[in-house]
Each structure stands twice: as structure tokens, then as C-alpha cells.
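Here is a short note to read beside the sequence and the structure. The points are numbered and can be checked one at a time.

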Amino acid sequence: MSGNANPTGAYRPGRGMGMGRFGTGEKVKPASVYGMFARIYQHARQVWRAIALAVICVICVSLLEFIVPQLTRYTIDQVIPGKQYDKLIYIGAGVLGSALALGLLRYLSTSLMATIGQTVLYKFRNDLYRHMQNLDIAFFDRNRTGDLMSRVTNDVGILQQLISSSMMQLFTDFFTFTAIAVYMLWIDWRLTLLLLATFPLMIMTTRLFGKRMRSSFRKVQESVADVSDHLQNSLTGIRLIKSFTKEEYESERFSERTRINMDANIQVVRLRAAYEPIIDFLNFVGLAIVLVFGAWLAMRGDMSVGTIVAFIAYLRLLQNPIRHFSRIINSVQQSAAAYERIMEVMNTKADIVEKADAVVLPPVRGHIVFRDVDFVYSGDAKVLSGFNLELEAGRITALVGSSGSGKTTIAHLIPRFYDPKSGDITIDGHSLKDVKLESLREQIGIVSQDIVLFNGTIGENIRYGNANASDEEVIAAARAANADTFISAFPDGYETGIGERGVKLSGGQKQRISIARAILKNPRIIILDEATASLDSESEQHIQEALAVLLKGRTCLVIAHRLSTIQQADRIYVLEQGRILESGTHEELLRIQGRYSQLYELQFPQAEAGAGAG
Ligand SMILES: Nc1ncnc2c1ncn2[C@@H]1O[C@H](COP(=O)(O)OP(=O)(O)OP(=O)(O)O)[C@@H](O)[C@H]1O
């Protein structure tokens with residue numbers, strides 16, 4: 001991906017995000033907080049027993065919190081004036097017992113909520129990953145790897161915080177608030193209504209700040225994605241950076257991104273710093289009301305001192321949820337911003353989908369026809385226009401042509417990585433659009449010059465071609481690919497672990513493993529994008545032999561760079577700007593002295609004479 005390679009232009013954070021349908025520029029509606037909770041609920045439903053138990057714990061916590069001020073009121077109003085010494089022990093035991101029970105219940109509810117939170121997180125993350133796996137290659141062309149990674153890790157992690165800690169607080173606060181508000185209304189509705197008058201102000205303030213916080217959080221998360229994208233790019237490209245001695249330059253670019261992240265975080269903290277004192281002030285207004293009005297009532301003899309003390313204790317309990325709310329709103333807004341980023345991916349639909357009545361492609365011979373195919377990646381620039389091509393079953397067809405002439409594009413249309421804009425592609429007469437994707441792709445093997453080996457052992461990497469293969473089959477494939485000798489020379493043989501992207505192996509060894517993987521898959525159709533990098537003649541020889549086994553008897557489309565492959569091809573097509581200029585065998589094409597012989601001479605200047613003669 002080259003998303004961040006913008007050495008000349010100024011750095012613009014968060015490109016392609018947030019302002020349109022994910023990475024396309026079309027508008028998307030911001031995700032609603034309600035929608036977020038609805039989805040969380042959907043995922044959490046399966047652990048309803050844990051939820052029910054957590055709710056019971058929360059209700060008990062609210063009740064206990066309610067009881068303690070009642071004990072205080074009772075002590076002040078009844079026990080002290082009545083000198084009831086014998087009651088003191090019960091009062092002490094009551095307070096301590098309540099405290100113990102509160103501790104236990106809080107432990108239970110916290111661990112239950114953590115379980116619920118983790119379960120929801122697990123489902124969210126897996127759903128997101130599965131959904132991403134099923135999106136088109138075009139989606140991955142459009143979006144930056146680091147940004148997608150941060151959506152699956154960072155953004156889902158933020159949601160988890162909301163679910164396991166903030167939702168718990170929200171539940172507790174809701175029950176405490178309701179119970180206490182009802183009780184206070186019952187004790188003195190005038191005082192309570194006066195108190196509650198400050199609440200609409202709090203709600204308005206919260207809404208006002210909530211919106212701003214969400215957009216600030218969104219900036220934070222986008223900047224985290226940018227940092228992650230830069231990291232992903234620069235760490236995987238560390239050799240390139242070092243070879244161009246760009247360490248300082250990359251560090252500068254990294255610090256640009258972290259600065260944006262820092263500024264966005266400071267903005268969030270500033271908003272919170274402004275919001276909390278406003279809520280605190282409104283809380284003090286409430287306290288002033290209780291003190292002044294309560295004292296006035298007490299002086300007139302309309303209210304006991306114990307009730308005022310209890311009222312003040314309840315006021316704190318009533319205000320706690322509001323205080324917490326300021327923190328929860330933070331978490332909710334942060335999660336809403338994260339949820340938005342998650343849903344942008346979840347709401348992205350794959351363009352390449354099977355028809356409802358798609359049929360299983362039976363085992364094919366491999367006769368592939370492109371008929372009148374128009375193709376564009378994005379925008380209007382046609383890569384292929386009215387393109388026709390026929391690949392004979394069981395034969396090697398080579399594509400040659402200058403860079404950007406459309407060779408890879410043609411190869412990628414066969415496994416339906418992309419769909420043509422118009423025209424049709426058929427295999428043995430079956431239109432690609434009418435068959436099930438899996439049945440199509442399992443009959444195609446791709447050996448690309450951009451070799452990807454996964455973390456794991458050599459054996460596991462070969463077995464990627466066929467998970468059910470026996471050890472003997474894996475070894476046979478490796479032998480056929482000329483890889484068995486070097487693999488067996490490792491002390492751990494096929495169990496040898498290969499690090500990130502196979503760093504312990506040479507380029508030629510990686511190629512042979514990727515050929516073994518394709519041989520094990522045993523597909524009818526092979527697409528081979530030959531490596532351009534030249535290898536030493538011994539490696540070259542090994543790879544040639546491996547390729548000969550791979551290509552034998554299959555329908556092969558080869559983007560050919562090697563002399564031997566070109567000479568072996570049954571038919572060669574010379575492409576220029578998405579059009580076929582010439583076609584024929586190697587000798588035929590050399591004879592007509594056209595574009596092919598030009599290209600050929602450029603690529604193999606010294607080989608021409610000998611090849612022409614042969
Ligand atoms: N993912 C993509 N998104 C947009 N445009 C693309 C994409 N891939 C290729 N193109 C464009 O399509 C055209 C054909 O590219 P393609 O990769 O098929 O050429 P090629 O002949 O395989 O080149 P090379 O030999 O350099 O690999 C080029 O103009 C290229 O810029």
C-alpha cells in the first residue's frame with residue numbers, strides 16, 4: 001500500500017475516512033448512540049444469565065446505598081435523642097454489614113460485567129474481521145492497512161471499555177438515581193423538585209459537549225489509525241528506509257502524525273476540563289438549595305435535622321450519577337466515534353457477490369475466453385476496452401508488454417478479484433458471474449512475484465494449498481518444487497519456523513515454497529506472475545524445473561519475464577495500453593519484427609541471436 005507515500009505533498013490526516021462511504025467519497029450517516037447500544041445488546045443477549053445476575057447485583061447495591069443514610073437519619077432523629085444505647089451495636093453492625101455486602105456485590109457485578117464486555121468485544125472483533133475477509137480486493141486497494149488494523153484493534157478495544165466499566169456504572173447510577181429521586185420526592189417533593197430543576201441544565205450542557213467530544217474523539221481515533229498506518233508501512237519497509245538513509249525523514253513524518261494525535265488528545269481533555277466544572281457548579285447549586293431551603297424548613301419545624309442530613313447524603317448519591325455521567329458521556333462519545341469507524345467497515349458491501357442462483361463450477365478443462373471486456377479500476381480511465389482473449393485448455397499462454405499495459409489486471413479478472421464493467425469472461429463456457437466464487441477460486445492457483453508466506457512453519461505454509469494434505473503429499477509437493485533438499489537441510493526440516501514474511505529464507509527459496517504450495521493445491525488453472533528479479537543461475541535452474549512441474553498439463557496464464565517461459569509458451573500475446581498488438585509463438589513473433597522483437601531485444605539483448613537461431 002502506498003497510502004502514506006506522499007513525500008512532496010503536505011501531510012493530510014485521515015484521508016478517505018469519515019467523510020464518505022468508506023474510502024469512496026459517498027456520504028454516510030453518522031452512527032447513532034442508540035444503534036450502538038442496540039448492537040451491543042444484540043451481541044450481549046447470549047450471555048443474558050450473566051446480565052440478569054449483574055442487574056440483580058446492581059439493584060442490591062442501589063438498595064444498600066439507600067439504606068446507609070436511613071441508618072444515619074434514624075440515629076440522629078431517634079437513637080441520640082432517645083438515648084437508646086442498646087441500639088448502637090445494631091447501627092454499627094448494620095453499617096459494617098452493608099459495607100461488606102456492598103464490597104461483595106460490587107466485586108460480583110464488576111467481574112460479571114467484565115465477562116459480558118469481553119464476550120461482546122470478542123463477537124464484535126470476530127464479526128468485523130470476518131466481514132473484512134469477505135470484502136473485495138478493491139476495498140483493500142482503497143483503504144490503508146494500518147487504518148484497517150486500528151479499527152479492529154484500537155476501536156473495538158474502546159467499545160470494550162464502554163461495555164465492561166461504563167455500562168456497569170450506567171446501570172448502577174440509573175437504579176440509584178431513580179430509587180433516590182422517588183424517595184426524595186416522597187419525603188419532600190418541593191425540595192426535590194427545586195433540586196431537579198438544575199437537571200435540565202445539566203442535560204443541555206451534556207448534549208452540547210457530547211457532540212463536540214464525539215468529533216474530537218473521532219479525530220483522536222483517526223490520528224491513531226494514521227500513526228498505526230505509518231508504523232505498519234515503515235516497519236515493513238525498514239530495509240528500504242535504511243537503504244535510502246531515510247531514518248530521519250521517516251522519524252519526522254512519524255512525529256507529524258503523533259503531533260496530530262497529541263493535539264487531538266489535548267482538545268479532548270480541554271473539552272472535558274471545561275465540562276466537568278460546569279457540572280460541578282450545577283451540583284453546588286443543588287447543595288445550596290438543600291441547605292438554604294432545608295434549613296428554612298427545619299427552623300420552621302417542618303423538617304427534622306436527621307432528614308436534612310439524610311437529604312444531603314442522598315443529594316450526593318443523586319449527584320454521583322451526574323458526576324459519573326460526565327465521565328460516562330466521555331466513554332459513550334468515544335465509543336460512538338469508534339463504533340462509527342467499525343460500522344463504516346461493517347456497512348461496506350462487497351461488490352463482487354455470488355448470484356443467488358450461482359452454480360458450483362464443475363471441474364474445468366480450463367478453456368478461458370474474454371469477450372468484449374471493458375474494465376476500469378475507478379474513475380473513467382479504461383484499462384481494458386473491448387478486450388478479447390482466448391486461453392486454450394491445457395496450454396501455456398504468455399502475456400508480455402510494457403509496464404502498465406494491463407497484464408496483471410487481465411490475470412486478476414480470472415479469479416474474479418475484480419469484475420469487468422461490461423463484456424463477459426467464461427471458463428469452459430460458464431460465465432464467471434454465474435458460478436460460486438469458492439468453486440471458481442479453488443480451481444485456480446496463483447503464483448505471484450510478490451510472495452507472501454505467513455508466520456508459521458514451512459510445512460504449514462505449503463499446506464496452505466490444501467489443509468487436508470498428508471505429510472507425504474506435502475513432501476512430494478516440495479520435492480516437485482525443488483524445495484525438499486533445502487528444507488530438509490534445516491535442523492527442524494518442515495517444522496522450521498519462518499519469521500515475519502519469511503525473513504530467514506532467500507528469495508529463490510521463498511519462490512520454491514510458493515510453487516510447492518500451488519502444486520499441493522493442484523488447480524486446473526495456473527496464473528503465474530513471474531518474478532522480474534534475476535536469481536543466480538543455480539537458483540534460476542531450480543525454479544525453472546519447479547515451474548515446469550507446476551505448469552505441466554494445466555491451463556496457464558503467465559505474465560512472462562523469463563526467456564525460457566516465453567519460449568515454452570504455446571501462444572504469446574503482446575499488450576500495449578490494454579490492447580493486443582501481436583500474437584503468436586516466440587518464433588512467429590520474432591519473424592514479424594514488430595513490438596515483440598523490440599521488447600525482446602530490450603530485455604534479453606544477448607540472448608536474441610541464439611534464440612532466433614534456435
Ligand atoms: N488497484 C488499482 N487501482 C487503480 N488502478 C490500477 C490498479 N492496479 C493497476 N492500475 C492501473 O491499471 C493499469 C494497468 O496496470 P497493470 O498492473 O494491469 O499493468 P501491468 O501490465 O501488469 O504492469 P507491470 O508489468 O508494471 O506489473 C495501469 O495504468 C495501472 O496504473
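**Notes on the model**

1. Tyrosine 90 sits in helix α3, which covers residues 85-133. Keep in mind from the start that this is a predicted model.

2. Helix α2 takes up residues 48-79, which makes 32 residues. From its first C-alpha to its last, α2 reaches 44 Å, and this is close to the expected 46 Å at 1.5 Å a residue. The buried residues in α2 include Ala54, Cys57, Val58 and Val61. Ser62, Glu65, Pro69 and Arg73 of α2 are buried as well.

3. For the whole protein chain, the secondary structure amounts to 21 helices and 12 strands. The chain is more spread out than a compact globule, because its radius of gyration is 35 Å, well over the 25 Å that the globule rule gives for 614 residues. Along the principal axes, the C-alpha atoms fill a box of roughly 120 × 55 × 50 Å.

4. Of the 614 residues in the protein chain, 35% are buried. Among contacts with a separation of 6 or more, 80% are made by residues 24 or more positions apart.

How values were computed. Residues numbered from 1 in each chain as written. Predicted model: local features only at pLDDT ≥ 70, side-chain atom pairs only at ≥ 80, totals over all residues. Helix = DSSP H or I, 4+ residues; strand = E, 2+ residues; numbered from the N terminus. Expected span 1.5 Å × (residues − 1). Buried ≥ 20, exposed ≤ 12 C-beta atoms within 10 Å, placed from the backbone. Rg over C-alpha atoms; globule rule 2.2 N^0.38 Å. Contact = placed C-beta atoms within 7 Å.
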